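Please open the model in a viewer and keep the sequence panel at hand.

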Amino acid sequence: MEILKQIARTIEEGDAAAVPRLVGEALAAESSAKAVLDGGLIAGMNAVGEKFRVHEIFLPDVLLAAKAMYAGLDVLKPLLERAGVASRGRVVIGSVQGDLHDIGKNLVGIMLKGAGFEVIDLGSDVSAVGFVAAARSHEARVIGMSALLTTTMPVMKEVVDLLKKENLGGRIKTIIGGAPVSRDYAEEIGADAYGYDCAQAVERVKELAAAS
Ligand code: B1M
């Protein structure tokens, strides 16, 4: 759909002022919030990622694109979160220590809220001790970790190991995700689940919460 392509292009251009209006237009034209998210906002960020990878654009451009993505997400957020649903349990989420990428993690949080979970978002740069302490104090069933850098992925293993050390492994389940993360890596470090994207993360968390 043309309007979704236009949203993606506007994200690439980093035009935070124009994105909310275009998102509004797409919704008025009866695109679903999920379609606008996938075909507009995420498609735009993926294109930005590719251009950054081949050095066609640089960090300031990426920051502007992220700002534009958030401007669009502000419009979609209330539509993706469903209010007043009975709680399915608490989930602690965060981007792991050393990692400031938070867009994917925030999407996971929004979708989990939409599915009826109480989400305790610890933000980014969260240490293993921080994840486990928060899960304990909030009596969370699941810890969800996001990493976008290969160098920060080992923090996920630290969390899994710390849970085991504190005999919490059976009670508090773990799910990991983020662009460099894979199902194989989840198995390798002993995480309970892997989510390829925010929709799959919700399905896996539902399974984990039911099993815990
Ligand atoms: Co950075 N960055 N970045 N960056 N950045 C990447 C990740 C990179 C792949 C770019 C590249 O080289 N092509 C590269 C990492 C290389 C690597 O380690 N393999 C990179 C780099 C190198 C860096 C810096 C080191 C650059 C520098 O300073 N020289 C630096 C590091 C900062 C730090 O974290 N310490 C840096 C900084 C930044 C910005 C601050 C400018 C900005 C982040 C802004 C923000 O998040 N607030 C940024 C961005 C935006 C990107 C790219 C372009 C886009 C990431 C994104 O938001 N994608 C990214 C390139 C890319 O990924 N292609 C890149 C959209 C988002 C919706 O996707 O987060 O993957 P994603 O989430 C997906 C799934 O992965 C999944 O669901 C989402 C979709 O539904 N998912 C989960 C995510 N978390 C999940 C958790 C789950 C389940 C699923 O369960 C709990």
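Is S95 buried or exposed? S95 is buried, with a relative accessible area of 0%; buried means under 20% relative accessible area, exposed over 50%, and partly exposed in between, with a 1.4 Å probe and protein chains only.

Before continuing, note that this is a predicted model, in which local features need pLDDT of at least 70, side-chain atom pairs count only at pLDDT 80 or more, and totals for chains, interfaces and linings use all residues. Residues are numbered from 1 along each chain as its sequence is written, and side-chain values use heavy atoms, with hydrogens and water left out.

**Stop 1: S95 and its surroundings**

Select S95, which lies in strand 1. Helices (H or I, at least four residues) and strands (E, at least two) are DSSP runs, numbered from the N terminus. Now display the residues that S95 touches, leaving out those up to four places away in sequence: H101, D102, K105, G123, S124, D125, V126, F131 and S146. Contact here means heavy atoms within 4.5 Å.

**Stop 2: the whole chain**

Zoom out to the protein chain, which has 9 helices and 5 strands. Read along the sequence, their pattern is α-α-α-α-β-α-β-α-β-α-β-α-β-α. The radius of gyration is 17 Å, close to the 17 Å that the globule rule gives for 212 residues, so the chain is as compact as a globular protein of that length. This radius is taken over C-alpha atoms, and the globule rule is 2.2 Å times the number of residues to the power 0.38. Along the principal axes, the C-alpha atoms fill a box of roughly 50 × 40 × 25 Å. Of the 212 residues, 45% count as buried. Among contacts between residues at least 6 apart in sequence, 72% join residues at least 24 apart.

**Stop 3: the two domains**

Colour residues 2-83 as domain 1 and residues 90-211 as domain 2; such bounds come from an automatic or database domain assignment. The C-alpha centres of domain 1 and domain 2 lie 25 Å apart. How many residues of domain 1 are in contact with domain 2? There are 12 residues of domain 1 in contact with 10 residues of domain 2.

**Stop 4: the nonpolar cores**

Select I7, I11, L41, L76 and L112, the residues with the most contacts inside the largest nonpolar core, which has 42 residues. A nonpolar core is a set of buried Ala, Val, Leu, Ile, Met, Phe, Trp, Tyr and Cys residues joined through side-chain atoms within 4.5 Å. Elements that each supply at least two residues of this core include helix 1 (2-13), helix 3 (33-53) and helix 9 (198-211). Helix 4 gives the most, with 8 residues. This core draws at least three residues from each of domain 1 and domain 2.

Centre the view on I11, which touches V19, G40, L41, G44, M45, V48, A65, A68 and M69, not counting residues up to four places away in sequence. Apart from this core lies another, of 29 residues, among them F131, V160, L162 and L163.

**Stop 5: a parallel strand pair**

Show strand 1 (residues 90-95) and strand 2 (residues 118-121), which pair in the parallel sense over 4 bridges; two strands pair if DSSP finds at least two bridges between them. The chain crosses from strand 1 through helix 5 (residues 103-114) to strand 2, and this β-α-β crossover is right-handed. Right-handed means that, with the strands pointing away from the viewer, the path from the first strand over the helix to the second runs clockwise. Within the pair, I93 stands opposite D121 in strand 2.

**Stop 6**

Select T174 in strand 4. T174 counts as buried at 2% relative accessibility. Its contacts, leaving aside neighbours within four places in sequence, include I143, M145, V160, A191 and L208. Next, select D161 in helix 7, which counts as partly exposed at 31% relative accessibility. The C-alpha atoms of D161 and A191, 30 residues apart along the chain, are separated by 9.4 Å.

**Stop 7: two loop residues with positive phi**

Most residues other than glycine have a negative phi. E139, in the loop between helix 6 (128-137) and strand 3 (142-146), has a positive phi of about 50° although it is not a glycine. E139 is exposed, with a relative accessible area of 66%. Finish at N167, in the loop between helix 7 (154-165) and strand 4 (173-177), where phi is near 55°. N167 counts as exposed, at 67% relative accessibility.
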